[in-house]
Amino acid sequence: MIIMRYSYRLALFVLVVTAILTSVSPGAAAQTKGTRTLNQPVARVLNENISGRQIEIGNQERNDAKRQYKGAEYEKWVREYEADKLVSLILNPLLREYAKTHGITASVDEINSVSRTIFGKRVARGAIRTIAEATVIQWKVSKSLYQQYGGTVIFQQSNPFEPIGAYQKFLEEQQQKKAFEIYNPQLRAAFWCYFTCEQSMIVPPEEVNYDVPWWLQKAKP
């Protein structure tokens, strides 16, 4: 939940913030079908294995990509798609744990401020409340990580101040602590490229503003 290389990245924000609010682990995905390779672990995070099946590309998406990309371009698309999914499966539980250990929560007033500003609802209820709460926590986690690590911040529609550089430093520390491990060398390289390769939509440092929640900041004319 970044640079939008492929459509899967559009979903990362939702995956990140909802994972912060839930306790669903990566190892919970069903693995009752498919080859032995798909059922074998490709990574581990917080003592839970991530299988090849969990980063598998859907048939429709694969067919669409084959029509759009050929040869080496298609292979590159596959690697980056799988890496994007792996990023969410590793980053989500680590951010959830970060929020928990740092006591990051969302107040009723904060939740309702998201509801009013984004959804036009004075009081957040049901699905809107879930999304609003996740949005607040995601912003607070981003703010905390940026204050701790600094680094590059990029713009994306669902998170105008995404601390991609802070994510990298945070993950490097988590890797040193053995909080996660990626077994496949190609997947490992693609995973880190998500954070270290050239970025677009970089927010100039002087414009990075975590003092006010992004949904309450006035858009520039």
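Visitor: Which residue stands opposite Ser-51 in S2?
Guide: In this predicted model, the residue standing opposite Ser-51 in S2 is Pro-41.

Visitor: And how many bridges join S1 to S2?
Guide: Strand S1, which covers residues 41–45, is joined to S2 by 4 bridges, and the two run antiparallel.

Visitor: What's the order of the sheet?
Guide: The sheet is open and has 3 strands in the order S2-S1-S5, with antiparallel pairing. Strand S2 (48–51) and strand S5 (180–182) are the edge strands, each pairing on one side only, and neighbouring strands are turned by 25° against each other on average, direction ignored.

Visitor: Which helix packs on the sheet?
Guide: That is H4, which touches S1, S2 and S5, and its direction makes about 20° with that of S1.

Visitor: Switching topic, how many aromatic pairs are there?
Guide: The structure holds 14 aromatic pairs. One of them is Tyr-98 with Phe-170, whose ring centres are 5.5 Å apart.

Visitor: Why is that pair edge-to-face?
Guide: Because the planes of the Tyr-98 and Phe-170 rings stand at 85°, and planes over 60 degrees apart count as edge-to-face. Tyr-98 lies in helix H4 (residues 72–101) and Phe-170 in helix H7 (residues 164–176), so the pair ties together parts that are 72 residues apart in sequence.

Visitor: Are Tyr-98 and Phe-170 buried or exposed?
Guide: Both Tyr-98 and Phe-170 are buried.

Visitor: What about Tyr-146 and Tyr-210, how are their rings placed?
Guide: Their centres are 5.1 Å apart and their planes at 40°, so the pair is tilted. Tyr-146 counts as partly exposed at 22% relative accessibility, whereas Tyr-210 is buried, with a relative accessible area of 5%.

Conventions:
Residues numbered from 1 in each chain as written. Predicted model: local features only at pLDDT ≥ 70, side-chain atom pairs only at ≥ 80, totals over all residues. Heavy atoms only, no water. Phe/Tyr/Trp six-rings, centres within 6.5 Å; stacked < 30°, edge-to-face > 60°. Buried < 20%, exposed > 50% of the residue type's maximum accessible area, 1.4 Å probe, protein only. Pairing = 2+ DSSP bridges. Axes fitted to C-alpha atoms, helices over the stretch in contact; angles between N-to-C directions. Contact = heavy atoms within 4.5 Å.
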